[in-house]
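Let's take a friendly walk through this protein together. Have the sequence and the 3D view ready, and follow along.

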Amino acid sequence: MDATPVTLYGKRVRLEPMRREHLPGLTAAGAYEELWKWTRDFAHTPESMSAYVEQALADAAAGRAIPFVTVDRASGKVIGSTRFANIDAQNRHVEIGWTWITPSFQRTHVNTEAKYLMLCHAFEKWGCARVELKTDVLNEKSRKAMLRMGAKEEGTLRKHVLAYNNRWRDTIYYSVLDTEWPGVKGFLLHSLDRER
């Protein structure tokens, strides 16, 4: 598993390695408080987004993560972010998370294509045995999306992390295994065809 930053190209979405130069675009895309409701972060201001980017870049420099900005290819506009995290080369697994999309691009092809690109990279380039996903147990929309694409629910870690508002978050885990990837890939490709 080579954790060197890489750009992932879809037909309508491009995932670029996060750089400080992306800060204005990320700030504009993330300026909606509702985006951060279920997260540990609250990066809806220029200052908080700058701290968010600096932490992501520090994790990248330490080899723990590959943070991306999500770009709409048609407009070239930054519309969100996602990342590979908790990279574990020895055990061939990685987490996909820290995903958020500006409201005007939610419930479109964006999340489906971004997940497709990242899962392809994880299973077909890195040879992962397992990809993890997680969310706040209260985030029903995210939970349904993970199950719909074929991820398997594994369990809940209670009082797992303290959210930005000092609420204890229970975190629910999902995973896709290499043996399940062909079915998940087929579902995502079919979904992308429907969303065109």
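## Two neighbouring strands

In this predicted model, strand β4 (residues 77-88) pairs with strand β5 (residues 93-101) through six bridges, and the pairing is antiparallel. To see how the strands line up, find serine 81: it stands opposite tryptophan 100 in β5.

## The whole sheet

Now zoom out. Eight strands make up an open sheet with mixed pairing, and their order is β1-β2-β3-β4-β5-β6-β8-β7. Which strands stand at the edges? They are β1 (8-9) and β7 (152-162); each has a single partner strand, so one side of each is left without a neighbour in the sheet.

## Helices on the sheet

Helix α2 (residues 46-61) packs on the sheet, where it touches β3 (65-72), β4 and β5. The direction of α2 makes about 130° with that of β3.

Another helix to look for is α4 (residues 140-149), which lies across β6 (130-136), β7 and β8 (168-177). Helix α4 runs at about 155° to β6.

## The nonpolar cores

The largest nonpolar core has 35 residues. Which of them touch the most other members? Look for Leu15, Phe84, Val94, Leu119, Val131, Leu133 and Trp181. Helix α3 (residues 109-125) gives the most to this core, contributing nine residues.

Leaving aside residues up to four places away in sequence, tryptophan 181 touches Tyr116, Leu119, Cys120, Phe123, Glu124, Val176 and Leu188.

There is also a second, separate core of 15 residues, including Met18, Met49, Leu57 and Val71.

Methods: Residues are numbered from 1 along each chain as its sequence is written. This is a predicted model: local features need pLDDT of at least 70, side-chain atom pairs count only at pLDDT 80 or more; totals for chains, interfaces and linings use all residues. Side-chain values use heavy atoms; hydrogens and water are left out. A nonpolar core is a set of buried Ala, Val, Leu, Ile, Met, Phe, Trp, Tyr and Cys residues joined through side-chain atoms within 4.5 Å. Buried means under 20% relative accessible area, exposed over 50%, partly exposed in between (1.4 Å probe, protein chains only). Helices (H or I, at least four residues) and strands (E, at least two) are DSSP runs, numbered from the N terminus. Contact means heavy atoms within 4.5 Å. Two strands pair if DSSP finds at least two bridges between them. Axes are lines fitted to C-alpha atoms, for helices over the stretch in contact, and angles run from 0 to 180 degrees between N-to-C directions.
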